Amino acid sequence: MQKDLGNYRKSYEKSELTEASIKENPMEQFQKWFHETEASDGVDEPNAMTVSTIGMDGFPKSRVVLMKKFTFEGFIFYTNYQSEKGKAIAANPAVCLSFFWPNMERQVIIKGTAEKIAENLSDGYFESRPHGSQLGAIVSDQSEVVPSRDYLEGKLRELEQRFEGKEVPRPNYWGGYLVKPVSMEFWQGRPNRLHDRIRYTLQEDFDWKVERLAP
Ligand SMILES: Cc1cc2nc3c(=O)[nH]c(=O)nc-3n(C[C@H](O)[C@H](O)[C@H](O)COP(=O)(O)O)c2cc1C
């Protein structure tokens, strides 16, 4: 099989990223771009981000999760701590996050370290989830091999009966990770492949060094 995509070509012309216009702090720059993406109405889930981890097998693995919060400290997402990504993070907390907002012709790449958030914060978020999603967190031993879809649906029916009209407790293997950035790169598509790339790198004195990278 073969499909040639050599003719897929697009000129990026929507915006620019200059040293004069960027924020001093990369989280503020992220906030600006995130708000612009939300307001643009052209991305279904602007908070969808790719999380890459280094696996125990030595391979990187990327998957999409939903960012649920960002602050000056970093980025929070929720998952199963015993999943493949959870095990990878336990062995090596170095991760990479990336956002691609095609309608904005923008990409953000974040390198950082992931750590579990405080249990009470995970409790708070778990309680705010719909009943069905809470059960979903319990029903699924995320990333384990299962015999069939029927097996999962049977387990869900069991749990629905057990927790009918009752509060679902957060399982201790489900919760949030905070990714604290050490570097953040902002990419803005430009014409003639001369894209803008600005990278912030965290220094020992906790200041951010700003550099322009060749596209
Ligand atoms: C749009 C989208 C959003 C997702 N959000 C999450 C999420 O917030 N948390 C999560 O654990 N998995 C989420 N997933 C599923 C993950 O991509 C992945 O399948 C799962 O976390 C298991 O990954 P692992 O086996 O590498 O640990 C999402 C997938 C998609 C496509």
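Predicted model: local features only at pLDDT ≥ 70, side-chain atom pairs only at ≥ 80, totals over all residues.

Two strands count as paired if DSSP finds at least two bridges between them. On that basis, Asn80 stands opposite Trp174 in strand 6.

**Strand 6 and its partners**

- Strand 3, made of residues 75-80, pairs with strand 6 in the antiparallel sense over 6 bridges.
- Strand 5, made of residues 106-116, also pairs with strand 6 in the antiparallel sense, here over 11 bridges. Within this pairing, Ile110 is opposite Met184 of strand 6.
- Strand 7, made of residues 196-202, is another antiparallel partner of strand 6, with 6 bridges. Ser183 stands opposite Thr201 of strand 7.
- In a regular strand the side chains alternate between the two faces of the sheet.

**Salt bridges**

- Side chains of opposite charge can pair when their charged atoms come close. The count for this model comes to 17 salt bridges.
- Arg149 and Glu153 form a salt bridge, with their closest N and O atoms 2.8 Å apart. The two residues are 4 apart in helix 5 (residues 149-162), so about one helical turn separates them.
- Arg149 has a relative accessible area of 61% and is therefore exposed, whereas Glu153, at 32%, counts as partly exposed.
- Asp196 forms a salt bridge with Arg190, and the closest N and O atoms are 2.9 Å apart. Asp196 is buried because its relative accessible area is 5%, under the 20% cut-off. Arg190 is partly exposed, at 22%.
- Asp196 and Arg190 also belong to a network of salt bridges that links them with Glu16, Glu19 and Arg212.
- Lys209 and Glu211 meet through their side chains in a salt bridge, at 3.7 Å from N to O. Both residues count as partly exposed: Lys209 has a relative accessibility of 37%, and Glu211 has one of 27%.

**Negative surface patch**

- Glu24, Glu28, Glu204, Asp205 and Asp207 form a negative surface patch.
- Glu28, one of the residues in this patch, lies in helix 1, which covers residues 26-40. With 31% relative accessibility, Glu28 counts as partly exposed.

Definitions and conventions
Residues numbered from 1 in each chain as written. Heavy atoms only, no water. Patch = residues over 30% accessible without salt bridge, like charges linked within 9 Å, V, L, I, M, F, W, Y side chains within 5 Å. Areas by Shrake-Rupley, 256 points an atom, 1.4 Å probe, with all protein chains shown as cover. Salt bridge = Lys/Arg side-chain N within 4 Å of Asp/Glu carboxyl O. Lys, Arg positive; Asp, Glu negative; His and termini not counted. Charge placed at Lys NZ, Arg CZ, Asp CG, Glu CD. Buried < 20%, exposed > 50% of the residue type's maximum accessible area, 1.4 Å probe, protein only.
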